[in-house]
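Hi,

Here is the structure I promised to send over. Have a look at it first, and then read on for my notes.

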Amino acid sequence: MHLRKITTLLLLVVTVATPQLLQAQPHPNLIMTKAGIEKVRKNLGKVPLFDATVQSVKQQVDAEIAFGIDTPIPKDFSGGYTHQRHKINFLTAQKAGALYQILQDDKYAKYIRDMLFQYEAMYQDLPVHPQERSYARGKLFWQCLNDSNWLVYMSQAYDAIYDTLSKQERDKLENNLFRPFADFISIDNPQFYNRVHNHSTWGNAAVGMIALVMNDEELLQRALYGIEDDGLEIGGKDNDGGFIKVAGQKAGFLANLEDPFSPDGYYTEGPYYQRYAMYPFLIFGLAMQNAKPEMQVFEHKDNVLLKGVDALLNLSDADGEFFPLNDGQKGMSYYTASLVTAVDIAYQYGAQNPQLLSIAEKQNEVLLDQSGLAVAIGIRDGKTQPFVKHSINLSDGPNGKQGGVGVLRYGNEDLTLVFKYAAQGLSHGHYDKLSFSLYEKGDEVLQDYGLARFVNIGQKGGGNYLKENKTWAKTTIAHNTISQNESMHFDGKYETASQHHSDLYFYDDSNSEVQVVSATETNAYPGTQMHRTMAVIKSAGFEKPFLLDIIKIDSATKNQYDLPFYYMGQVLSNNFAYDSPTSLHPLGKKNGYQHLYLEGKGKPSTGSTQFSWLGNGKYYTLTSATEKSDELLLTRLGANDPEFNLRRDAALMIRRKDSDNTTFASVIEPHGSYSPVSELSVNSNSNIAEVKVVLDETNYTAVVITDVNGDSSLFILSNVNASAKQQHQVKINGKLYSWTGPYHYTDSK
């Protein structure tokens, strides 16, 4: 027999036979505590939002009890019945546990007990899941990740009814179900458990939660610090192409607190997976706070978990939907259950920020524990304040030195720029250095595609990631950034991309009328430096704020540069002639180009190319400083997509050939509105007559924006010195300009 298998068997025997015990704790001791439950019971009928949540949860659980317990033999992917049934089971069991503690109705304890013993009866002989897609197959589910979800929730249910079970019943559950379950997702699957990733966070939390309920010290140490000798080789990859183990890598829950989070609370995989990981982070953190407060998990890394909640809320649009950076499903928002958990825990164990209460009020539900009660009492007592999202610059990387994400907001989210200059983002990262998306209120103006996946929809690849996630969604051309020679950043190689990040040049939101973020990228295309500067500007002569976008490229060789703008809406007008083909053909053969149809091709008619569209009842115009040799391409997604897995999104792409050093300058201008009810069109035409690069040299780049009345504004960028104290002086068209700091803006109004 293989040595590792022998070691595994020995570990299993030792774990079952002689578990190392923690100091005994009264139950419940994870999320709910004796004192907390007493306070909850005393306040029943006195706190409207909490009472409403109890009644809502009671209706859900009572319906499941009436339905009966079904623990089917696993066979399906995430969109199938067996997957959904086991998921409903663990969610319902956790809720039933809370109801039992609050209402003291034995039917909820009996429901959990009966369910657990059904699982105990089936688990001993349960093989690995029949679906073979995952790098770490589970038993109840197709991947260990979902098995870990089950154990995180079932640990809470078990804790809630622990004292209702006899010692013999507990021993049977722990020896036949819980310990084997914990060993399976950890010892038997180190490639899943022993890494830095949202998958492992769930695994670590699952083992840690059940360890605390069972008072098992060995399992708790495994949860916190991982498996010491995991037998894994360096360089292995998961299904998404991410590394499972790298040299010097630590493992366990505490390592997952350290590496993925920046000091600002930004999670390197992006907000969609930060939302997903925040539940196990916070729920196990709370369990540790209650059971082992001396570990100070919430204080770890300067309160990074609580900072993470604030960062996540700030990475949402005006409607509360998270920006789809990296792999992210559009529409995921802070109304999801994991954010109810995040907001309630952050309020109770943070500084009791009254602005969090306004988010909880919108969520219209709370946790059924002491933190949810605290939030509901705060709302009842009128402590709520609006959660105001300001401009923010969030660093990336364990030490905050691996780029970041800048979010510039004007007014009450009237215009929001999301500028990504971050690290790769582990295996869920996209090849999109210096990309951006733009929002007006909660509406996308220029979009980030997000992921190519229909989560939990069985007809679409079992609800899992589709192949188009790699062939399109992750590619460079799928984003509003520069593609060179129809290739991807880092040639689409994760091994290379994971070693690099973009660098912040400067960030300045001190002037609400002119907010600027600027960053550089030198590794995406060896021999080429890209420097992108984006400014949200409110000019006196304009109805609404606009976005100025400057991309300066310096390369050792001549290349073809493509800059797409993925607009959201109906094309209205443009100022260039173009030809539309009678039949559609792909724009290229690989790197995402194979998915783009070329619907039109033209040339600039003037030095300022304009393109207007109508989206969500609002008008937008892109005005770009273009060269005579530029090509203007009208593209639409959908080529080589026989299963219709991709949206049919459109873009205007500026193509510049045979160039080494060049600069793209554009303005995206929101203006006016249209009402289909009154059929009134207001201010449908652009206010811009010209965008012109009037100076472009090594040290400085200057862009003039001239409106239809002949009034001009000037933006000058220092390309090589970003010091806020540096004095500058430059002559443009015979006029001398002097200023201090990395940029200068003058508005003729």
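At roughly what angle do the axes of helix α6 and helix α9 cross, and within what distance do they come? The crossing is at roughly 25°, and the axes of α6 (residues 144–161) and α9 (residues 198–214) come within 8 Å. With an angle under 35 degrees counting as roughly parallel, α6 and α9 therefore run roughly parallel to each other. The crossing of α6 past α9 is left-handed. On the α6 side, the contact includes Leu145, Leu151, Val152, Tyr153 and Tyr158, along with Ser148, Asn149 and Asp159. From α9 it takes in, among others, His199, Trp202, Gly203, Met209, Ile210, Val213 and Met214. Sorted by class, this α6–α9 contact comes to 13 nonpolar, six polar and one charged residues.

Before you go further, keep in mind that this is a predicted model. The chain has a mean pLDDT of 95, with 97% of its residues at 70 or more. The stretch to watch is residues 1–17, where pLDDT is below 50. That stretch still has 18 contacts in the model beyond near neighbours in sequence. Helix α1 is assigned to 3–17, so please read that part with the pLDDT below 50 over residues 1–17 in mind.

Next, α14, which has two packing partners to look at. Helix α14 (residues 337–349) packs against helix α16 (residues 370–380) at about 80°, their axes being 8 Å apart. That angle makes α14 roughly perpendicular to α16. Here Asp344, Ile345, Tyr347, Gln348 and Tyr349 of α14 meet Gln370, Ser371, Gly372, Ala374, Val375 and Gly378 of α16. By class, the residues of this contact are five nonpolar, five polar and one charged.

The other partner is helix α15 (residues 356–363): its axis and that of α14 come within 10 Å and cross at roughly 150°. Again α14 passes in a left-handed crossing, this time of α15. The α14 residues in contact are Leu339, Val340, Val343, Asp344, Ala346 and Tyr347, and those of α15 are Leu356, Leu357, Ile359, Ala360 and Gln363. This contact of α14 with α15 divides into nine nonpolar residues, one polar and one charged.

What about the length of α4? Its 23 residues (81–103) should span 33 Å at 1.5 Å a residue, and the end C-alpha atoms are 31 Å apart, which agrees.

A few backbone details to check while you have the model open:

- His27 and Pro28 are joined by a cis peptide bond, with omega about 0°. Pro28 sits in the loop between α1 (3–17) and α2 (34–42).
- Lys301 is not a glycine, yet its phi is positive, at about 50°. This residue, Lys301, lies in helix α13 (residues 300–314).

Cheers

How values were computed:
Residues are numbered from 1 along each chain as its sequence is written. This is a predicted model: local features need pLDDT of at least 70, side-chain atom pairs count only at pLDDT 80 or more; totals for chains, interfaces and linings use all residues. Side-chain values use heavy atoms; hydrogens and water are left out. Axes are lines fitted to C-alpha atoms, for helices over the stretch in contact, and angles run from 0 to 180 degrees between N-to-C directions. Helices (H or I, at least four residues) and strands (E, at least two) are DSSP runs, numbered from the N terminus. Angles under 35 degrees count as roughly parallel, over 145 as roughly antiparallel, 65 to 115 as roughly perpendicular and the rest as oblique. A crossing is left-handed if the near helix is turned anticlockwise from the far one by less than a right angle, and right-handed if clockwise. Contact means heavy atoms within 4.5 Å. Ala, Val, Leu, Ile, Met, Phe, Trp, Tyr, Cys and Pro count as nonpolar, Asp, Glu, Lys and Arg as charged, and the others, Gly among them, as polar. pLDDT is the predictor's confidence in each residue, from 0 to 100. The expected span of a helix is 1.5 Å times one less than its number of residues.
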